[in-house]
Amino acid sequence: MAKKIYVDVILHHNKEGQIKPLAIVWANGVKYSIDKVTQITRAASTIAGGTGIRYTCYIQGQARYLFLEEDRWFIESKGN
Amino acid sequence: MDRVILHCDLNSFYASVECLHHPEYRNIPMAVGGDVEKRHGIILAKNQLAKKAGVTTGEALWQALQKCPNLVLVKPNFSQYLRFSRMVREIYSEYSDKIESFGIDEVWIDVTESVHLFGTPKELADMIRERVKLELGVTISIGVSFNKVFAKLGSDYKKPDATTEITRANMEQIVWPLPIEDLLYVGRATAQKLHLLGIYTIGDCATIEPAVLKRRLGKWGDYLWRFANGMDNSPVMVQNFEPMVKSIGNSTTCPRDLRNLQDVKIVTYVLAESVAARLKEAHLVAQVISIGVRDINLKGYTRQIKLSQPTHLSDDIAQAAMDLFEKNVDFSTPLRSIGVKTSDLSVMETPIQLDLFTDQKAHQRSLDLENTLDVIRERYGFGSVQRLMMKEDPLLSQFNPKQEHVIFPESYFKG
């Protein structure tokens, strides 16, 4: 079953007040940089259980959803 | 031209929010209910599996567990529900400014002016439904009609996650066969009176001579006849319209039964402090104080008293309430829940007639003291400053009515 995993995120705040995630820092300290963000929308994560602003991010060539729920970020983990 | 009104109802709202956040609840019967240990014990919402097992909203937790022994009970998380309620309103507000809440999970939206931008009323309703499902992960059912009463019947007609349109053309097929109990404002007592007149469906009510209804039910007869015929023309209030408050009160079911005045006193002071803080926040003073009592057999009554001067001091309110308890409650049966309510409200600045026998300086000192306490509590939490008596029985005094009770029942007739 998919799990909800909260992650550390490195952000860029621009002077218009917009934010853009630059990288995800995994619990073991490994940093994955985000190559690009293709979509930002409000969405629910039915598989991980939560709702917030969903960023579609490309990390190492793969699309992953990164959610901003209130003031915390989470990803949907495929692990068991 | 007819209005276009949507009534949106979040399906099994509390249970849906919990199921969204806890995927493990989705395939087992689950219900959100009050706190078992503190005995606020009823089912507030349940998921589809619990519904199939016969669990109904409003029944006691033990009843539900008898019907469905493997039912998983979850404590309510009101701040989460309020967050969802706010987010869903943000979506609605993209389609109209006329949004009127009816409780935390229902709203009417008047889209008469904006519907042409989005297609037919049904298309608009489906669009809103899809967005809520996609963006928030919970489902709503929507009723579309030309008045508020039928829109509400529509959202109840088919759920979850469905749209029902009730037009002048199909109202006789859809609305009229429904039982009269489904109509807004027909409760158990009214339904009984209507049954005596041979009225069992909304259609029966619509086709009867209105004078007969009026003779039996007074002005409510008129209302119901108009509701049943789709002639309800009450407007959808503009967002954030605040109706004039008529009373402010709090009540609580206690974690243990109250057996004497000392027990009552502790709870009364907690309630009075919350009521006083809410009065001050609303910039109001009250002149009538009432108490409500329910004993362990669930029998209840209320008593009230009019003060010589309006007040918003917790000391005054608590003292008046205690006088009422002393005079009216004999504790032959222990009490399960009590409440303190203030009414006959006026704005704080309304001039009052002073009298010679009240020490106004002392009154001003208490006022300053309470204001200071409110500031401290605002900053450091409700429990940061307490009356010493609260320490006598922490079990009874440990609740915060002001913060925990944020969801109030609503009246249909506003303003």
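This is a predicted model: local features need pLDDT of at least 70, side-chain atom pairs count only at pLDDT 80 or more; totals for chains, interfaces and linings use all residues.
Two residues are said to be in contact if their C-beta atoms, placed from the backbone, lie within 7 Å. Residues are numbered from 1 along each chain as its sequence is written, while chains are lettered from A and ligands numbered from 1 in the order in which they are written.

I begin with where the chains meet. Eight residues of chain A are in contact with eight residues of chain B. On the side of chain A that touches chain B, the elements giving two or more residues are strand 5 (36-45) and strand 6 (50-59) of chain A. Strand 5 of chain A supplies the largest share, three residues. Helices (H or I, at least four residues) and strands (E, at least two) are DSSP runs, numbered from the N terminus. By class, this side of chain A has three nonpolar, four polar and one charged residues. Here Ala, Val, Leu, Ile, Met, Phe, Trp, Tyr, Cys and Pro count as nonpolar, Asp, Glu, Lys and Arg as charged, and the others, Gly among them, as polar.

Next, chain A itself. Its average pLDDT, the predictor's confidence in each residue from 0 to 100, is 89, and 95% of the residues score at least 70. Strand 1 (residues 3-6) of chain A is joined to strand 8 (residues 72-77) of chain A by four bridges, and the two run antiparallel. Two strands pair if DSSP finds at least two bridges between them. Within strand 8 of chain A, Ser77(A) is the bridge partner of Lys3(A). Strand 7 (residues 62-69) of chain A also pairs with strand 8 of chain A in the antiparallel sense, over four bridges, and Leu68(A) stands opposite Trp73(A). Their hairpin has two residues between the strands, and Glu70(A) takes a positive phi near 55° there.

I turn now to chain B. There are 16 helices and twelve strands in chain B. One open sheet of five strands has the order 5-6-1-7-8, with mixed pairing. Its edge strands are strand 5 (99-101) and strand 8 (163-165) of chain B, each pairing on one side only. Inside the sheet, six bridges join strand 1 (residues 5-10) of chain B to strand 7 (residues 140-145) of chain B, which run antiparallel; Leu6(B) stands opposite Val144(B) in strand 7 of chain B. Helix 4 (residues 78-92) of chain B packs on the sheet, touching strand 1, strand 5 and strand 6 (106-110) of chain B.

How does helix 1 (residues 13-21) of chain B lie against helix 4 of chain B, and at roughly what angle do they cross? Their axes come within 10 Å and cross at roughly 100°. Such axes are lines fitted to C-alpha atoms, for helices over the stretch in contact, with angles from 0 to 180 degrees between N-to-C directions. The two helices are therefore roughly perpendicular to each other, a label for angles of 65 to 115 degrees. Phe13(B), Tyr14(B) and Val17(B) in helix 1 of chain B meet Gln80(B), Tyr81(B) and Phe84(B) in helix 4 of chain B. By class, this contact has five nonpolar, one polar and no charged residues.

Finally, eight of the nine residues of helix 1 of chain B are buried, each having 20 or more other C-beta atoms within 10 Å of its own.

Note on methods
Angles under 35 degrees count as roughly parallel, over 145 as roughly antiparallel, 65 to 115 as roughly perpendicular and the rest as oblique. A residue is buried if 20 or more other C-beta atoms lie within 10 Å of its own, exposed if 12 or fewer, and partly exposed in between; C-beta atoms are placed from the backbone.
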